[in-house]
Amino acid sequence: MMNNTTILAIESSCDETAAAVVKNNNGIISIESNVIASQADIHAQYGGVIPEIAARNHSTNIIPVIKQALTEANVSHENINTLAVTQGPGLMAALHVGVETAKALAYAWEKPIIPINHMEGHIYSSLANEKEIAFPILALLVSGGHTQLVLMRKHGEYDIIGETMDDAVGEAFDKVAKMLDLPYPGGPSIENTAQSGNAEAIDFPRPMLDSADFNFSFSGLKTAVLYYIKDNPSFDKSDIAASFQTAAIDVLIKKTEKAIKKYSPHIVIIGGGVAANSLLRKKLQSLAKDKKRELRVPREKTSADNAAMIGIAAMFKKPTSKNIVASPNLSLK
Ligand code: KG4
Ligand code: ZN
């Protein structure tokens, strides 16, 4: 790990423009600031993220957000040792704004730059304040674009042991919310609506629950909800939300349990936007307790997209002199 370093990190892969200052004093990583300008309200009008609008808003917000991150951390650019930026995966036009801004600042300030994979950021978001990181780590990454089980045997080395064959779990939450006329982003809407529903009201399928691998599939579950709505015109929104949520989470938990059995990780991590879901957290907590594993969940502010997680991940990497470019399909390897 880099020691006594101050990093300015930038994240713009989707609809949050984010900048953070992360420090490392003798191995203790601290988040000095973590500024997020969310465009969720703008995209909510369209029921989803419109890439061109996201990019335009990133361009407007990025410099004010960076300035605020420096101010809140009480540092100037002279105190910054290195920049870090999300290189991918994400929306091309959105990523581009963050990457090009980071490159321009690195050039003007004569600082190095560290490109970070967004999913790697979600893993590391739970690893600040960790005295000694014990491997192997098993990470369940659940976001709007990804559903993966990743095994890490050391820093920077990722083995994707399972992933979704079709929709990401966050995407399924978003699509089911749309079917129920609930506002974007769908995850929190479904979670709220589910609170007053009966999770056992409808027996939705749990695709690939018993498959021998660690892969997932959510499109069949999504379609089952669609048919249920068509066949039951007087449906109860809360019961659908609760039953869908439980079905989706059952699969995540069962596959994570299988992976724990096979790989005996020291630490289990959840990361990505869906990690904010309290039913998922609760079930993972009891699974980890049952299997006597350490569980790390991101704090509220670092579970959705943010730049602090990018800065934390960067602490474990070396700067590059390569000319980096935004890579929408960057994979974890
Ligand atoms: O990681 P993230 O902020 O952006 C991506 O990298 O995709 O994840 C966003 C996803 C969205 O699909 C959103 O609906 C979902 O995370 N999400 C949730 C919750 N909060 C956000 N899903 C379920 N329950 C939640 N409470
Ligand atoms: Zn994300």
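Helices are DSSP runs of H or I with at least four residues, strands are runs of E with at least two, and both are numbered from the N terminus. This is a predicted model, in which local features need pLDDT of at least 70, side-chain atom pairs count only at pLDDT 80 or more, and totals for chains, interfaces and linings use all residues. Residues are numbered from 1 along each chain as its sequence is written, chains are lettered from A and ligands numbered from 1 in the order in which they are written, and side-chain values use heavy atoms, with hydrogens and water left out.

## The shell around ligand 1

Which helix gives the most to the shell around ligand 1? Helix 6 does, with four residues. Helix 6 covers 186-194. Helix 4 (118-124) and helix 5 (169-179) each supply at least two residues as well.

In total, 19 residues surround the ligand. A residue counts as near if one of its heavy atoms lies within 4 Å. The closest are Gly144, Asp174, Gly187, Glu191 and Gly273. By class, the shell holds five nonpolar, eleven polar and three charged residues. Here Asp, Glu, Lys and Arg count as charged; Ala, Val, Leu, Ile, Met, Phe, Trp, Tyr, Cys and Pro are nonpolar; the others, Gly among them, are polar.

Domain 1 (5-125 + 302-314) and domain 2 (137-298) each give at least three residues. Their bounds come from an automatic or database domain assignment.

## Polar contacts and burial

A polar contact is a pair of N or O atoms within 3.5 Å.

| Residue | Part of residue | Distance |
|---|---|---|
| Aspartate 174 | side chain | 2.6 Å |
| Histidine 122 | side chain | 3.1 Å |
| Valine 274 | backbone | 3.5 Å |

Taken alone, ligand 1 exposes 550 Å², and the protein buries 86% of that. These areas come from the Shrake-Rupley method with a 1.4 Å probe.

## Backbone features in loops

Proline 185 lies in the loop between helix 5 and helix 6.

Asparagine 74 has a positive phi of about 60 degrees, although it is not a glycine. Asparagine 74 is found in the loop between helix 2 (51-73) and strand 4.

Notes
A polar contact is a pair of N or O atoms within 3.5 Å; within protein, one must be able to donate a hydrogen and the other to accept it, and residues adjacent in sequence count only if both atoms are side-chain atoms.
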